[in-house]
Amino acid sequence: MEKVIIAALGLLSAMSMAQEPREFSGYPKDLKINQIQVLGTHNSYAKPVDPKVLKLATGIMDKFKGSYFDKMSAEEKTKFQEYHPNGLDFADALNYNHPDFNEQLTAGLRNLEIDVYYDPTGNRFTKPASYELLKKQGVTDLASFSVEDMEKPGFKVMHIADLDFRTHYTTLKKALQALKNWSDKNPDHIPIFIQIEAKDSGLPIFPNAAEVLKFDKKAFDDLDHEIVSVLGRNKIIAPDDVKGKYKTLNEAVLHNNWPTVTGSRGKFVFILLPSSAGISNNESPYLAGHPSLKGRMMFIESAPGKEYSAFILYDNAIVRQNEIQKLVKEGYLVRTRSDIETYEAKVNDRTREKAAFSSGAQVVSTDFFRKGNTYGTGYYVTMPGGETARCNPVNSPENCGSNK
């Protein structure tokens with residue numbers, strides 16, 4: 001019996017190991033980091049919202065939806081429809097559950113997203129307004145959340161202040177340290193793409209909501225400094241590393257001057273979504289005094305053709321299929337999504353997933369990278385080919401492998 005148990009444990013261990021994808025290999029040594037495709041998660045740090053908060057917020061928002069949309073211009077409504085093709089319902093949009101970074105990276109994900117709030121004084125987010133309101137109504141069995149280091153000055157990590165604030169990492173410093181710890185233990189990993197979304201506005205639907213601060217130049221300077229202070233400059237692929245001898249960053253991108261995958265192992269590529277979920281048309285203070293992002297640690301979401309353009313955010317791969325393919329061929333990095341606000345998992349629809357991978361967007365983001373989604377359907381997304389990346393189906397060389 002003992003031998004049977006040992007054999008069974010061995011089989012389970014082997015099965016568990018087999019589920020972990022292989023690190024990307026077998027590619028041409030001159031393959032660039034914009035010629036691969038990786039899978040990642042959206043709001044990667046997040047823990048589930050307490051159901052009572054979700055119900056409270058949904059009830060409040062339902063009352064304001066009509067007037068909110070009525071105030072939008074025709075252009076704003078079109079953009080909203082592209083980014084929220086199935087409407088916007090909190091109960092569905094937030095219906096996912098991510099493990100910590102260590103588990104996601106070990107599972108083969110090579111893209112993560114971190115939302116940060118500027119909190120130069122501390123104590124800004126220690127008492128979420130939704131919990132305070134529910135407590136006054138006599139609710140006591142709310143899901144626990146950490147306030148570790150929340151009283152200190154520094155960048156805080158959460159999705160929506162006062163509403164979707166439960167997180168694996170209360171501060172950016174903790175999130176970055178988790179990335180560094182995993183990277184140091186796995187130094188041969190291909191570059192990991194990290195989106196940093198600078199949250200500059202809240203959703204003040206509860207009494208006594210936290211004041212969300214705008215990101216000015218100092219806030220962005222501090223953000224860069226924090227990334228370097230935790231990871232070290234040698235682990236970061238920055239805009240200067242791509243610009244090289246070219247006059248502008250965009251010129252370098254259009255000449256495919258990205259570093260090679262081989263030379264980028266053990267490193268990170270940071271991409272800033274500067275405000276308003278990355279779809280603001282306003283020029284960010286992050287650019288002030290930094291032509292072509294000189295000296296900056298992050299690439300920034302932009303429209304094509306600006307002197308600092310390198311990364312484009314086109315989440316809707318069904319609508320933007322042709323544009324994404326064109327941009328990828330030109331040399332840009334693009335992020336898109338295989339599922340938006342959990343709709344595809346709910347109805348088990350893989351149309352958007354197929355569009356995302358075939359678009360050639362280098363970064364494909366999902367809320368469901370493993371079996372067992374919150375809807376009980378069979379929907380989950382894995383990287384084609386069984387490795388942590390694959391040769392990009394749109395812009396990699398013909399000799400780049402069978403999983404293209």
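Q: Is Asn208 buried or exposed?
A: Asn208 is exposed, with a relative accessible area of 69%. Buried here means under 20% relative accessible area, exposed over 50%, and partly exposed in between, using a 1.4 Å probe and protein chains only. One caution first: this is a predicted model, where local features need pLDDT of at least 70 and side-chain atom pairs count only at pLDDT 80 or more, while totals for chains, interfaces and linings use all residues. Residues are numbered from 1 along each chain as its sequence is written, and side-chain values use heavy atoms, with hydrogens and water left out.

Q: Thanks! Where is Asn208 found?
A: Asn208 sits in the loop between strand 4 (192-198) and helix 8 (217-231). Helices (H or I, at least four residues) and strands (E, at least two) are DSSP runs, numbered from the N terminus. Asn208 also has a positive phi of about 60 degrees, although it is not a glycine.

Q: What does Asp349 touch?
A: Leaving aside neighbours within four places in sequence, Asp349 is in contact (heavy atoms within 4.5 Å) with Glu344 and Tyr379. Asp349 and Tyr379 are 30 residues apart along the chain, and their C-alpha atoms are separated by 7.5 Å. The side chains of Asp349 and Thr351 are joined by a polar contact of 2.6 Å. A polar contact is a pair of N or O atoms within 3.5 Å; within protein, one must be able to donate a hydrogen and the other to accept it, and residues adjacent in sequence count only if both atoms are side-chain atoms.

Q: And which residues in helix 13 are buried?
A: Arg352, Glu353, Ala355, Ala356, Phe357 and Ser359 are. Just after helix 13, Gly360 takes a positive phi of about 85 degrees.

Q: Moving along, is Gln362 buried or exposed?
A: Gln362 is buried, at a relative accessible area of 1%. Its place is the loop between helix 13 (351-359) and strand 9 (363-366).

Q: What does the side chain of Gln362 reach?
A: The side chain of Gln362 reaches the backbone oxygen of Asn34 at 3.0 Å. A polar atom of that side chain also lies 2.8 Å from the backbone oxygen of Tyr332. Beyond four places in sequence, the contacts of Gln362 include Ile36, Val38, Leu333 and Asn395.

Q: New topic: how many cavities of 30 Å³ or more does a search of the whole structure find?
A: One. On a 1 Å grid over the protein atoms alone, a cavity is a set of points where a 1.4 Å probe fits but cannot get out, and lining residues have an atom within 4 Å of a point. Grid points are joined across faces, edges and corners, and a volume is the space filled by probe spheres set on the points.

Q: What volume does the largest cavity have, and which residues line it?
A: The volume of the largest cavity is about 80 Å³. Residues lining the largest cavity include Phe125, Met150, Asp162, Phe165 and Ala210.

How values were computed:
1 Å grid on protein atoms, 1.4 Å probe; cavity = no way out; pocket = protein on both sides within 12 Å on 5 of 7 lines; lining within 4 Å.
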